[in-house]
Amino acid sequence: MSGGLAIFVKTPGLSSLKTRLAAGIGREAAEAWYLLAARAVRDVAASVEGVEVSFAVAEECSNAQSFWRQLHDAAPLNLTVPQGQGSLGQRMAQVYASLLSRHRFAILIGADSPQISSTDLQAACAWLDASEPRLCLGPASDGGFWLFGGNRLLPEQAWLSPQYSAPDTAREFQQAMQGNGAWLELRQLTDVDTEIDLRPVSTQLNAMKTLVPAQSELLHWMQSNLIEWQ
């Protein structure tokens with residue numbers, strides 16, 4: 001199995017990130033949460049065999065690339081890919097195509113659903129590692145999605161037509177991609193956009209039987225701060 005998985009990230013200090021979360025808990029805490037979450041997602045992804053993991057970095061400057069290459073370098077990940085220019089749909093399409101040029105299948109995920117598990121990712125990889133066209137989606141509780149994967153190049157318009165960050169983004173996205181492969185839908189997760197999302201994510205992490213150390217660190221950090229924030 002040879003798959004490519006890219007985690008979409010923005011760099012603290014170079015881009016505004018988690019602005020709605022920062023409005024509730026403060027910019028410093030929001031950035032600290034984001035980095036811990038990105039590390040947790042990265043470490044879970046790195047635990048899946050046969051998948052090359054990289055950070056898809058929003059900023060094109062060398063400082064941003066270096067930041068993500070060096071972040072928590074104890075984990076087996078030192079690759080970055082540029083997101084490129086354009087809308088979210090355009091950037092996703094560019095990263096997806098870049099991964100598919102080197103791998104049998106491509107998976108895109110965000111850094112704000114740190115309660116993912118290796119079982120989630122293994123299921124996606126097993127489904128996509130096939131000769132026939134296949135697609136995979138991990139729906140989010142807010143109507144978006146936390147994972148998308150495929151094993152074929154997809155029409156550009158399919159990436160551009162959905163309205164992103166909307167209550168029906170996942171539905172529109174699946175409709176736009178129809179006809180390009182059979183679908184596997186993973187379990188629904190909560191991603192963190194505002195402080196209201198912190199408690200369900202903490203609960204979901206706490207309910208997991210197995211956590212990688214970075215997830216345990218994030219969970220402890222969240223539990224230590226939730227009373228103060230809420």
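The radius of gyration is taken here over C-alpha atoms, and the rule for a globule is 2.2 Å times the number of residues to the power 0.38. For 230 residues a compact globule would therefore have a value near 17 Å, and the chain, with 17 Å, agrees with this. The model is predicted, so that local features need pLDDT of at least 70 and side-chain atom pairs count only at pLDDT 80 or more, whereas totals for chains, interfaces and linings use all residues. Residues are numbered from 1 along each chain as its sequence is written, and side-chain values use heavy atoms, with hydrogens and water left out.

Along its principal axes, the C-alpha trace of the chain spans about 50 × 35 × 35 Å. The secondary structure comprises 9 helices and 7 strands, which are DSSP runs numbered from the N terminus (helices H or I, at least four residues; strands E, at least two). Of the contacts with a separation of 6 or more, 70% join residues 24 or more positions apart, contact meaning heavy atoms within 4.5 Å.

Buried residues (under 20% relative accessible area, 1.4 Å probe, protein chains only) make up 53% of the 230 residues of the chain.

Conventions
Buried < 20%, exposed > 50% of the residue type's maximum accessible area, 1.4 Å probe, protein only.
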